[in-house]
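Trainee: I would like to learn how to read a structure like this one. Please show me where to start.

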Amino acid sequence: MELAEGSIKILVADDSETDRMILRSLVLKQGHRVVTAEDGQQAVELFILERPQLVLLDVLMPVMSGYEAARQIKQLAGEELVPVIFLTSLKDAQSLAECLDAGGDDFLSKPYSPLILQAKINAFNRMRMMHHTLQVQRDKIAGHNKRLLQEQAFAKEIFDKVAHSGCLNAHNLQHLQSPYAMFNGDVLIAARKPSGGMLVFLGDFAGHGLPAAIGAMPLAEIFYHMVAKGFSMPEILSEVNSKMKQVLPVSGFCCGGMVDIDFDSKVMKVWIGGLPDCYLYRTKTKTLDVLTSKWLPLGILSADKFDTGYEIIEVDYDDRLYLWSDGVIEAQDDQQHFFGEERLKAVFTNNEEPDQLFNEIKESVFSFIGEPTDDLSMIEISMVPRDSFSDKPVPVEASTIRGARNWSASFEFRPETLQSYNPIPLILHCLMQVPGVNLHSGRLYTILAELYSNALEHGVLGMDSSLKASLHGFTQYYAEREHRLQQLKEGFIRFWLEHKIEPQGGVLVITVADSGPGFNYQKMMNRITEDTNYHGRGVNLLRSFCRRVEYSEVGNQVTIEYAWNNELDSAHKGHH
Amino acid sequence: MAVTAIQSEDGSELTIRIQGRFDFSEHQSFRDAYERTDKLPNQYTIDLNETTYLDSSALGMLLLLRDHAGGDTANIRIVNCKPDVKKILLISNFEQLFTIQ
């Protein structure tokens, strides 16, 4: 006896008592359990009560026919497969077809062979079990898939907060990201610098989807933290490169472009490592400057080999810089043609209204490809006046360790340090230990940066600031600065920091001295009162922020006092 | 076979040829090409004469080979690049890591 599939419960419905008895004993002999009904109605009721796994139905019964009983049983069974086999003395094709139409799975004409009936019961039981297994597996897969999608949606929320955020909505930026999957391998981040400038990064990780997206998390975290703490672009690039080298597999890397925008001097510093040619559109002359990738992507070179160079580009208001991932020129139409540089350049040639450029590029790419098949990211960065930003730069995060309330510290930086290290983040970090001062981080950063660059460039390096005023002055000035810095053999810059508590807040006294020959500060101070446009050594800026700015010695030492009022700050904060 | 490897008789040079698209689907066969050598060659030549396209995962595979061949001391030449293929290598400035001819 085949009992491999185990014993099941079978419902037998027949109005003939003899037939019921024969069927009952046959089924019992096979090792199954039996419940019997005398008509269709009873069959349906018993089905509900007993939940048999298989049903043998006579067609012609009183009260309710076998056809109707089959319909109701199939409906009650729902997704479960309960095989219904009709046993009938009807022989015409029409009646037999109707058995199947009513939901029956098979039929046997009376008189039937017990052997065939047994074989059919076994066959349908096997099918029932297969169906059951399939359903269990289907539900399991559906459950897994649902959980996976929920997890991905959750992860995407975190990812988007980290990897596509910062000040991307600033009025001088326009960006586009088309996700190829839920996650893409592209990163687009922007942040305001404590000094009021802006840093933007567009990155494209090798690969697609989650594996590519994971690397974006540490990258974005480093970027935001370092920008907020006042680190420079080369320092951020170098740190990001080291981190990527550390966490990515050997075959992984991140192509990218970083831009440091100075709205005061209208200068963009650009680093491109592995992105296709980026364009600078000069609105006045309607010309395109092509910026080529000059560096290796991030995460390939070890820290000691990584080159932190960049290009300095002087631009005008309303000039636009475009960075994009290879998804733009490699966008394919259905014949697998690339969108390509020719079509991209044509958009610029045909443009009439520069404000529409970004949309025109977007439309041109999308009308070419229809559906994007690859990660595709781009950003437009416009040079605008600094005062066009209404929002204040976000303050440096307040230190979580509080309580430096009355202290002083001093630092001396010597040539080896001055050549390769930017001490401003270190000093700013020191100052942020003071309670309540983080709301002033932007101003303090500006003050420190101003004091430091004056001491370094005009003091230690002896540079003349009038050089900046000429046409390509900035580029020349920075090249000369770099040259002198590398030649530097002696010199120093000293910082003295002192913090005192005042009744409603505090005061920071910062003194900076350098090894330079000094300058005639008396003469300069007089000229400031005569001519407020005089910008030499940023003294006006310092005086607008500080309650005291005083030069001493031979002009190579300056002391400033920066005071704040906590109550005013909190009233101001509460007002927003 | 899209990836074929030929080692010189003395085993000192391994030449790998890639036909068609060089992308992630060639990952295993490219790996096999340089890992299944009896003697570690001191010179690798990647012949891209019949390579029509290169994607970022192909660049990653080249980095894997470079790592396998000794990292900064690796001696790898990439030869016979078609203009489109060469452009992809140059955009990523891979000429700083490989000898591209």
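Mentor: Keep in mind that this is a predicted model. We can begin with the place where the chains touch: 15 residues of chain A and twelve residues of chain B take part in the contact.

Trainee: What classes of residue does the side of chain A that touches chain B have?

Mentor: On that side, nine residues are nonpolar, five are polar and one is charged.

Trainee: How do I get an overview of chain A?

Mentor: Start with the totals. Chain A holds 17 helices and 20 strands. Of its 576 residues, 37% are buried. Then ask how far apart in sequence the contacting residues are. Among contacts in chain A with a separation of 6 or more, 69% are between residues 24 or more positions apart.

Trainee: How should I read a parallel sheet?

Mentor: One open sheet in chain A has five strands in the order S2-S1-S3-S4-S5, with parallel pairing. S2 (33-37) and S5 (106-109) of chain A are at the edges with a single partner strand each, so one side of each has no neighbour in the sheet. On average, neighbouring strands here are turned by 20° against each other, direction ignored.

Trainee: Which strand is joined to S3(A) by four bridges?

Mentor: Strand S1 (residues 9-13) of chain A, and the two run parallel. As one example of facing residues, A:Ile10 is opposite A:Leu54 in S3(A). A helix also packs on this sheet: H3 (residues 66-77) of chain A touches S1, S3 and strand S4 (84-88) of chain A. The direction of H3 makes about 160° with that of S3(A).

Trainee: Why does A:Asp58 count as buried?

Mentor: Burial is judged by counting neighbours, and the cut-off is 20 or more other C-beta atoms within 10 Å. A:Asp58 counts as buried because it has 26 C-beta neighbours inside 10 Å. Apart from neighbours within four places in sequence, A:Asp58 contacts A:Ala13, A:Asp14, A:Asp15, A:Gly66, A:Leu87 and A:Thr88.

Trainee: How many bridges pair S8 and S9 of chain A?

Mentor: Eight bridges pair strand S8 (residues 198-205) with strand S9 (residues 254-262) of chain A, in the antiparallel sense. A:Leu199 has A:Asp260 in S9(A) as its bridge partner.

Trainee: What should I look for in a nonpolar core?

Mentor: In soluble globular proteins, nonpolar side chains tend to be buried together. The largest nonpolar core here has 101 residues, and A:Leu199 and A:Phe223 are among those with the most contacts inside it. Helix H7 (residues 216-228) of chain A gives the largest share of this core, eight residues. A second, separate core has 32 residues, including A:Met61 and A:Cys99.

Trainee: Which residues does A:Phe223 touch, not counting those up to four places away in sequence?

Mentor: A:Phe223 touches A:Ile189, A:Ala191, A:Phe201, A:Ile236 and A:Val240.

Trainee: Last, how do I read a hairpin?

Mentor: S19(A) and S20(A) form a hairpin with four residues between them, and A:Glu553 in the turn has a positive phi of about 55°. Strand S19 (residues 548-552) of chain A runs antiparallel to S20(A), and five bridges join them. S20 (residues 557-565) of chain A also pairs with strand S18 (residues 505-514) of chain A, in the antiparallel sense over nine bridges.

Definitions and conventions: Residues are numbered from 1 along each chain as its sequence is written. Chains are lettered from A and ligands numbered from 1 in the order in which they are written. This is a predicted model: local features need pLDDT of at least 70, side-chain atom pairs count only at pLDDT 80 or more; totals for chains, interfaces and linings use all residues. Two residues are in contact if their C-beta atoms, placed from the backbone, lie within 7 Å. Ala, Val, Leu, Ile, Met, Phe, Trp, Tyr, Cys and Pro count as nonpolar, Asp, Glu, Lys and Arg as charged, and the others, Gly among them, as polar. A nonpolar core is a set of buried Ala, Val, Leu, Ile, Met, Phe, Trp, Tyr and Cys residues joined through C-beta atoms within 7 Å. A residue is buried if 20 or more other C-beta atoms lie within 10 Å of its own, exposed if 12 or fewer, and partly exposed in between; C-beta atoms are placed from the backbone. Two strands pair if DSSP finds at least two bridges between them. Axes are lines fitted to C-alpha atoms, for helices over the stretch in contact, and angles run from 0 to 180 degrees between N-to-C directions.
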